[in-house]
Amino acid sequence: MTGEEALKIVDAVLRSTMLDQGLNDVHSVVFLESWLGRTYGEIADKIGYDYDYVKQVGSQLWRSLSQVIGEEVSKKNIQAILHRYQQSQSSIQDWGEAIDVSRFYGRQAELQTLATWIGDENCRFVGIFGLGGIGKTTLSVKLAEQIQSQFQYVIWRSLQQALPLNTLLGEILPILMGSETTIDSSINILMKQLQQKRCLLVLDNVESILQSGNRGGQYQQGFEVYQQLFERICDELHQSCLIVTGREKPAKIAVRSGENLPVRSLCLSGLSAIEGQQILTAKGLDTTPQHQTLVNYFAGNPLALKIAATAIQDIFCGDTQAFLAQGNTLFSDLWDLLKQQFERLSPLQQQIMYWLAINREGVTPTKLQTEILPQVFWRELLEALESLKGRSLVETRTTGLTQQPVIMEYVTEQFIHTIEREIITGELNLFRTHALIEAQTQDYVREAQIQFILHPLVERLLTYFDTQAQLEQHLCQILAKLRHQTAVQIGYAGGNLLNLFSILQTDLSGFDFSHLAIRQAYLANATLHNTNFTGVNISETVFAETFGGVLSAAFSPDGEYLATGDTKGEIQIWDSSTGKQLIRCRGHQHWTWAVTFSPDGRYLASAADDYLVKLWDVETGQCLHTYKGHTYSVNAVAFSPDGNILASCGQDVTIRLWQVGSEKLKPEVQTLVGHEGRVWAIAFHPYGQILASCGEDCTIRLWDINTGTNLCVWQAHDRWVRSVAFSPNGELLASSSYDNTIKLWDVKTQRCLQTLRGHRQTVTAIAFSRKGQQLASSSFDRTVKLWDVVTGNCLKTFLGHSSRVWTVAYHPNEQQLVSGGDDHATKLWNIQIGRCTKTFKGHTNSVLSLALNPDGNYLASGHEDQTIKLWDIKNGTLVQTLREHTNRVWSVAFQPNSQYPLLASGSADHSIKLWDWKLGTCLQTLHGHTSWVWTVVFSPDGKQLASSSYDQTVKLWDISTGECLKTLKGHTSSVVSVAFSPDVDSLPVVSLTG
């Protein structure tokens, strides 16, 4: 950077922050000469000014820059500071849930120490530790703001909700890696990024992942992997820094810390008397000599001082001296102060405090009003909230009303303790008026509720009751007493009981929940075989639905409805805000590959493996029309922008255009032919006259829908093209492929503008945001990704699906995504925070194939969930589950006439596996097919195996060697069946042709 370039930066910075007052001529000369390393004396001689004046101008300039940039600037370090500042202007920052620190008291010495450790001494790990309420979070945010110019990336995250490490890495790595992002959210990948880039990571509330009890610093079960992360950041050479805050040091950090080591710890003490008095004054207390005594009494703890100030005003009429006279007996520490304040709250205020602790994150007054039992008037609620905020027990953030972590911890402890006593004694109060968890809240919040409320409660109950069976029996006694009470009397108790049974993994088969009011029960993972729910009043409860793998999803144009299609051939229409299933459309007989709403939102179109396209009424779920004409599986449907034309495409290599709402016997407008393989996807241009298509011939085609003319065709990818989508302005066309990439094309020139790489497996679906600035994608690699269309960078990776993801769609508000996959889950994602807010979970695991062993005693079943199950037929028990396939198991076969327990399986993962089914071990994997293996069958003598595949071939295998003996070619479509003749000389096959 030259002196003139630096001068422009300084002038622009000062103009933007000092009432548009930039550098005058003298300032400019002093800056340029100082940049060249000249002394004030040399500068004074050169420009003819007095030495003291030049020095004063320089000092004033460095002070002004220090205030603006947030670092101490001097004549000696100006070049280094400006280089860092320039770098920071292009830095990437993600502040997560960081709080506002515009009001900041003191801590200048601590800030200077921490900044020196990180900026000058290149510390790799810095811990800020101290009591609850001491100001660790505030200090960490202020520090990060002040030193952000030294880093390319700044990422701040709270661990208050006990984020699993893979979830945390799933949020951090896409920010650091951009378009290079990977499904492998591992510590190795993060360490590589910290070595290559200068990153500042801040993790707040680390105590949330540590155990409580005598052994300080030990990690909770399931969070031990954080220890490996922290140790590697401490020990390995890199150019980044991790700041953690907490009430105690994580294990193994203390032994790595030292004054001259790259690992440092700051034990944060209280504020000074002067700084503490500033808080008291801000809270409205008159300045008195006793303020210093009060600050000393609470050791300068900012939160304690705020709460004490409220107590002085409310209880002691502003008399600090009177408060101090009682303090030694009433308040030995912060928790005693909280206890005293909590006990003084009205019943309604205590209810609010409990509900804020249950919600775990910001909540609106409206939501609070719907949760509180018995119902409370709006005016009373607002008055109670204002009182709580005045006591510093509640604070307002951008997400709503919440509590400081130490207050939330105290209230949660009180809540669990009270609920425990109520369950033991059977005298239910809070157990009726408060939910232990919220079934319909955001997924990550519910997981935190289970972690911090349900699990600790169950652990305490199991300590009181000698065995789990005794606890279950006691809960059943409570259940019996509740059964015939009214919904008002029961409140949340019925749902709380079910959630306790669920956490205990109680077998609920045969349980009687009849005539019970059930509210806020989460039963998506519960097995409810033969469970009696007769006469049950159910609300705000989540059950597992009976849909299959989710192949398609779409939002209505106004965002109110969400439609999904599944492998059972069913279509569900949901309320997108509440998650309530509104309508189930039944009519298709096989997989429903696609669903889409008409532009006016009145109709829903679907396409399925039964060769049919259907049109449904969204309000009633009635099938209005069935379009027939395709001769094989139909894989996609799309409405024209005016809603008059419906296009469909499929495995018969055709695209068909239909008239919507036509009463004609043959509503088909025309058939577009040109593709040389299955047509996977179609998309209308926003202006409506052009249709794009893609398929297994690896091409993209553009069609004139008025004439049926194929306007152009180009080779788009190296493998099948799975999806296409136009940008809202119609200038770009995006495509995704089995080659794991996404490409952005110029519609006019068909030139590839960008290739987006990051998915590790097939990219199944893509969707533009309404404004066209972002693109979402789903993949067989179990992820959903969000891309910047201009830069090609991956902005976020959404992790949560446990199997292949088939579909993704944007909500019209651009704040949410929906995805669906083979794990029978439809997930709603909050784009801003990158987390799943709601999951609609299905319970179906389709059986795709069956085979009996030669003696007829055992049955093998191949499943949609990638497993093979072995059953003892006589007693109906499951004896073995085989798990090595990575896709659906389409076919299973036992070896005949053999003394060995050999089983063959064919899968959609393109492989054939040979198993010792009694031991449950995979003996050999046969590779050779390039697509789904539909059928496997043994020869009568058991020495050979034949297989048929979607790749249009039949293969013959030697069982002893695993060698492919012969490949039979000639079919022009998928070969779905193969069988040996009894003499083994001929091999009949069946194929499906379009």
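# Cavities, rings and a covered strand

User: Which element gives the most to the lining of the second largest cavity?
Analyst: Three residues of that lining come from the element that gives the most. Please keep in mind that this is a predicted model, where local features need pLDDT of at least 70, side-chain atom pairs count only at pLDDT 80 or more, and totals for chains, interfaces and linings use all residues. Residues are numbered from 1 along each chain as its sequence is written, and side-chain values use heavy atoms, with hydrogens and water left out. The element you asked for is α8.

User: What is the volume of the second largest cavity?
Analyst: A cavity is a set of points on a 1 Å grid over the protein atoms alone where a 1.4 Å probe fits but cannot get out, and lining residues have an atom within 4 Å of a point. Here the lining is L168, L169, I172, L190, L201, L203, L229, I233 and L242, and the elements giving two or more of its residues are α8, β4 (199–204) and α10 (225–235). The volume, the space filled by probe spheres set on grid points joined across faces, edges and corners, is about 40 Å³.

User: How many nonpolar residues line the second largest cavity?
Analyst: In this scheme Ala, Val, Leu, Ile, Met, Phe, Trp, Tyr, Cys and Pro are nonpolar, Asp, Glu, Lys and Arg are charged, and the others, Gly among them, are polar. The lining has no polar and no charged residues, and its nonpolar count is nine.

User: How many charged residues line the largest cavity?
Analyst: Its lining runs through D94, R157, G170, E171, P174, I175, L795, K796, T797, I833 and G834. Besides four nonpolar and three polar residues, the number of charged ones is four.

User: What volume lies in the second largest pocket?
Analyst: A pocket is an open set of grid points with protein on both sides within 12 Å along at least five of seven lines. The space in this one is about 1,500 Å³.

User: Which residues are closest to the centre of that second largest pocket?
Analyst: The lining counts 48 residues, and among the elements that give it two or more are β13 (550–555), β17 (592–597) and β21 (634–639). By class, 34 are nonpolar, 12 polar and two charged. Closest to the centre are A554, T596, A725, I766 and A767.

User: Why does the pair of F342 and Y410 count as edge-to-face?
Analyst: The structure holds 36 aromatic pairs, this one included. Rings of Phe, Tyr and Trp (its six-membered ring) pair if their centres lie within 6.5 Å; planes under 30 degrees apart are stacked, over 60 edge-to-face and the rest tilted. The centres of F342 and Y410 are 6.1 Å apart, and the pair is edge-to-face because the planes stand at 75°.

User: How far apart in sequence are the parts that F342 and Y410 tie together?
Analyst: Both residues are buried, meaning under 20% relative accessible area, with exposed over 50% and partly exposed in between (1.4 Å probe, protein chains only). F342 belongs to helix α15 (residues 334–343) and Y410 to helix α19 (residues 405–425), so the parts tied together lie apart by 68 residues.

User: What is the relative accessible area of Y632?
Analyst: Y632 pairs edge-to-face with Y611, at 6.0 Å centre to centre and 80° between the planes. Y611 is partly exposed because its relative accessibility is 33%. Y632 counts as buried, because its relative accessible area is 8%.

User: How far from the ring centre of Y522 does R446 lie?
Analyst: A charge sits over a ring if NZ of Lys or CZ of Arg is within 6 Å of the ring centre and within 35 degrees of the ring normal. R835 lies over the face of Y444 at 5.1 Å. For R446 over the face of Y522, the value is 3.8 Å.

Note on methods: Helix = DSSP H or I, 4+ residues; strand = E, 2+ residues; numbered from the N terminus.
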